[in-house]
Amino acid sequence: MSFLSRRLARSQPLRLDRYACVRRQASDSPEYNEPSGYLFGEKPLPKGQKRIKEDWENLWVVGMTAFFGLGTLIAIYKPKTGVQDWALVEAQKSLEERGVNLDYPKSGK
């Protein structure tokens, strides 16, 4: 048996049990919300009763609708800055300068 293995065999195990009981929380609240099985944790109302909305809910719906609507408009009308778009414009310019006409007349009967 080497010196190191004898030394490790004689050493006492670390005493971590006194640290295991220490719990650090900011308050006495539970760690998480228990799952209730209901959508958003709200119990269904009895027949004939309407759900009362909280103050922030209408503002959130209007704000998110406006945000996504504005984002859609910006995405639709943004300027075309891609390399292919630039190359198409440049090719059309150079063909016009050379006098090349790519429009073919329709043959009609």
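From the N terminus onward, the elements of the protein follow the order α-α-α-α. This is a predicted model, and its secondary structure amounts to four helices and zero strands. The protein has 109 residues, of which 1% count as buried.

Aromatic rings come next. A pair of aromatic rings is described by the distance of the centres and the angle of the planes. The structure holds one aromatic pair. The ring centres of F67 and F68 are 5.3 Å apart and the ring planes stand at 75 degrees; because an angle over 60 degrees counts as edge-to-face, the pair is given that description. Both F67 and F68 are exposed.

The loops deserve a visit as well. S36 sits in the loop that lies between helix 2 (17-20) and helix 3. The relative accessibility of S36 is 42%, so this residue counts as partly exposed, a class that falls between the buried limit of 20% and the exposed limit of 50%. A polar atom of the S36 side chain lies 3.4 Å from the backbone nitrogen of Y38.

Definitions and conventions:
Residues numbered from 1 in each chain as written. Predicted model: local features only at pLDDT ≥ 70, side-chain atom pairs only at ≥ 80, totals over all residues. Heavy atoms only, no water. Helix = DSSP H or I, 4+ residues; strand = E, 2+ residues; numbered from the N terminus. Buried < 20%, exposed > 50% of the residue type's maximum accessible area, 1.4 Å probe, protein only. Phe/Tyr/Trp six-rings, centres within 6.5 Å; stacked < 30°, edge-to-face > 60°. Polar contact = N/O pair within 3.5 Å; in protein donor to acceptor, adjacent residues only side chain to side chain.
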